[in-house]
Amino acid sequence: MKANVWYGKEQLKVESVPDPKILNPRDAIVRITSTAICGSDLHIYDGYIPGMLPGDILGHEFMGEVVEVGPEVRNLKIGDRVVNPFPIACGACFFCQQSLHSLCENSNPNAWLAEKLWGHSPAGLFGYSHLLGGFAGGQAQYARIPFADVGPIKVPEDLSDEQVLFLSDVFPTGYMAAEQCNIRPGDTVAVWGCGPVGLFAIKSARLLGAERVIAIDRFPARLRKASQWADAETLNYEQVDVREALEVMTGGRGPDACIDAVGMEGHAHGAFGTYDKLKQALWLESDRPPALRQALMACRNGGTVSIPGVYGGFVDKIPFGAVVNKALTVRSGQTHVQRYLRPLLELIEKGSIDPGFVVTHRLALEEAPRAYRMFRDKEDSCIKVVLQPWADVPTVEPEKVHETGRILH
Amino acid sequence: MATDVTQPGSGRSRSQHSAFSGIEPGGLGAHAGFRGGGLARRDTADSLERGLGWFSMCLGAAAVAAPRWVCWLSGLRSPTVMRLVGTRELTAGIGILTQSDLAPWLWSRVVGDTFDLAALSIALGRRGRRGRAAVALAAVAGVTALDLFAATRLTGSRAGRTAPGVSGRTDIYLERSIAVSKSPEECYRFWRSFENLPRFMQTLESVQQLDERRARWVAKGPMATRLEWTSEITADRPGEELAWRTLDDSGAANAGSVRFEAAPAGRGTIVRVSLHYSPRGGALGAGLVRLLGHDPQSRIREDLRRFKQVMETGEIPTTRGQPSGRRSLFGRVTRQWGLMS
């Protein structure tokens, strides 16, 4: 089969690899019909995720058709159309029983490695480093799904791939980020980062009853999307002082909840921005946290800071005094996707949300290396790329690919 | 999830620990905390070890930041090798200064010293650099002596004790536990059927029940060797505890117990293994296998994890046999050795 393989920082190759096989009784194999590039894949692309090995197959947002099931998988049959959650969860351990699926105790074969870095190991993830299991990812034509009787959700035929694909990660991730804010009537929620997760957090905050949502980014196209899709007020941090603007907008109190949908590669101007870049380059801190710092400072007393953005290791100059003295609640976690699949699918079926809205580019799997670069550099206002594993490589000129590949809403 | 309450490197302060007793009820129950001597950790690194740790850090920093200068100073040639040496020194330094189990890190220094001595001896044979190389060689030899002294002092101090009733030397005591979402009875029943053990004990090839109390064990040893021993059950309380000891001096002398404690509020079972064992190849061997992650501590930790996986999910998660692109040498080796999945 064809797969998008990682060989190092900014080195991807779409090449032929062996087809996956059933390895355990609870495995299933899916023929992938759509697969997406996640913002967190860019951290791997940029070389910031530890525990990657050359030869790893990337991708954790995918859906497809079941083509083979192991003897212990009884709820799926060949031909079922499923969306697959990015964390791998057994469904039986202490955490799975509490619907904390991304903390599954049994799905990471390299748990001891993760324990060295974080104290305890979370669940294994698809295509996201050997710290998290080293499972082959889904930017490929086929994928093996462990514990297939727990993860994948069957989706109705009348919904298109792009309507349901994002149930695999970014929609539940944005939704959980908003849910963790414990939104009450009248609340203002500020969201740093208007990539797909940020956009879903903004939309979800609205669905959960936020009075106002403030979107913070520096790319006009993304801010436009936030205001069009979820009626968010927008702040471009290259043009205004975000802290000051938030104070003015909230009567000097600060937002009731702040969401950091940026994560470890945040951008900042001035001395702190240079400081972080330097420290990260020297390996003195693994992650750059300007958005998190600002969110903690901006949040109102007794408010909640919710962090769906990915941090991998160590960050520096976190104003922890603000957490203590302002009595903040900090919530985070990899998304417990399995818990959200059914309720969010219902929202899609009811028409409360059309997740396809975030898609800006649709390309063949072969073009993954170019798609990563384009997504990373926000070329052509790229927000979300969907890769089609079975599409022929377009023979048209690159410029034309953009035109034909883009979905206009 | 799994807890490890002792490290062999804690050896020197472990003199009170005397008898093999499995675990006495109440002595180390789920809530009773750690038993004193046997589980004591290293309080602080002694000044010698600390000194060696900082020495590693300084030399490492210099070799990484200014490899050419250190090359000039020591009469060596390759800045690339010097950088690698520096990385090695930094790793050892961090290990010594931060880890509670010092012995493997000190042994790693000894191995590194040997390499350095060899490199310097070669440099000594070259013209024009002899003077500096000789001075460096003398300095490294001195440090090597200190390293060797510190490493053997740490490792040697726990040798020579014997658990009563076990033939052969059993030098190291360790304990580990894991929480399993199954009842103590289910856990006990699975464990008591010895033919199940190779399913989750990675190095075990087979267990054959000889009679009611005795069983014959066959396991893969390090470097394609094979270990065999006979054990007898010394305690068997259904749903609560199993204890055993080896009968013959096979090089794998060990005595241990596994207890199944009901966790509170229906949270399943805490499975607690305690083990006295005698490392093959003595102290040096123990230090080396620990560096490779094939030591009994890591093995018990992983075997307990696999026990939990089999009990809770009916299978052990794996990636062995899945597709990938071309692997580098490092990737192939780590997967081959089972270091990473």
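Two strands count as paired if DSSP finds at least two bridges between them. The views below come from a predicted model.

**View 1. Six strands of chain A form an open, parallel sheet.**
The strand order is 13-12-11-14-15-16. Strand 13 (233–236) and strand 16 (329–332) of chain A take the edges. Each has a single partner strand, so one side of each lacks a neighbour in the sheet. Ignoring direction, neighbouring strands are turned by 20° against each other on average. Strand 12 (residues 212–217) of chain A joins strand 13 of chain A through four bridges, in the parallel sense. A:Ile214 has A:Glu233, in strand 13 of chain A, as its bridge partner. Helix 10 of chain A packs on this sheet. That helix touches strand 11 (188–192), strand 14 (257–260) and strand 15 (304–307) of chain A. Its direction makes about 180° with that of strand 14 of chain A.

**View 2. Helix 8 meets helix 10 in chain A.**
The pair is helix 8 (residues 242–249) and helix 10 (residues 290–298) of chain A. Their axes come within 10 Å and cross at roughly 30°. Angles under 35 degrees count as roughly parallel. Helix 8 and helix 10 of chain A are therefore roughly parallel to each other. The crossing is right-handed. A:Val242, A:Arg243 and A:Leu246 come from helix 8 of chain A, and A:Gln294, A:Met297 and A:Ala298 from helix 10 of chain A. By class, this contact has four nonpolar, one polar and one charged residues.

**View 3. Three strands of chain A form an open, antiparallel sheet.**
The order here is 2-1-4. Strand 2 (11–16) and strand 4 (56–57) of chain A are the edge strands, each pairing on one side only. Strand 1 (residues 2–8) of chain A is joined to strand 2 of chain A by six bridges. A:Gly8 has A:Gln11, in strand 2 of chain A, as its bridge partner. Helix 13 (residues 368–376) of chain A lies across strand 1 and strand 2 of chain A. That helix runs at about 155° to strand 2 of chain A.

**View 4. Helix 4 meets helix 5 in chain B.**
Helix 4 (residues 79–98) and helix 5 (residues 103–124) of chain B have axes that come within 9 Å and cross at roughly 155°. An angle over 145 degrees counts as roughly antiparallel. Helix 4 and helix 5 of chain B are therefore roughly antiparallel to each other. The crossing is left-handed. Helix 4 of chain B brings B:Arg88, B:Ala92, B:Gly95 and B:Ile96. Helix 5 of chain B brings B:Trp105, B:Leu106, B:Ser108, B:Arg109 and B:Gly112. The contact has four nonpolar, three polar and two charged residues.

**View 5. Chain B touches chain A.**
On chain B, 28 residues are in contact with 42 residues of chain A. Helix 10 (residues 296–313) of chain B gives the most to the chain B side, with seven residues. By class, that side has five nonpolar, 13 polar and 10 charged residues. The predictor gives the complex an ipTM of 0.90 and a pTM of 0.79.

**View 6. Confidence along chain B.**
Chain B averages a pLDDT of 78, and 73% of the residues score at least 70. Among the elements of chain B, helix 7 (residues 184–192) has the highest mean pLDDT (97). Helix 1 (residues 36–39) of chain B has the lowest (35). Over residues 4–44 of chain B, pLDDT stays under 50. The model has 75 contacts beyond four places in sequence for this stretch. Residues 157–168 of chain B are also below 50. Beyond near neighbours in sequence, they have 33 contacts in the model.

Technical notes: Residues are numbered from 1 along each chain as its sequence is written. Chains are lettered from A and ligands numbered from 1 in the order in which they are written. This is a predicted model: local features need pLDDT of at least 70, side-chain atom pairs count only at pLDDT 80 or more; totals for chains, interfaces and linings use all residues. Axes are lines fitted to C-alpha atoms, for helices over the stretch in contact, and angles run from 0 to 180 degrees between N-to-C directions. Helices (H or I, at least four residues) and strands (E, at least two) are DSSP runs, numbered from the N terminus. Angles under 35 degrees count as roughly parallel, over 145 as roughly antiparallel, 65 to 115 as roughly perpendicular and the rest as oblique. A crossing is left-handed if the near helix is turned anticlockwise from the far one by less than a right angle, and right-handed if clockwise. Two residues are in contact if their C-beta atoms, placed from the backbone, lie within 7 Å. Ala, Val, Leu, Ile, Met, Phe, Trp, Tyr, Cys and Pro count as nonpolar, Asp, Glu, Lys and Arg as charged, and the others, Gly among them, as polar. pLDDT is the predictor's confidence in each residue, from 0 to 100.
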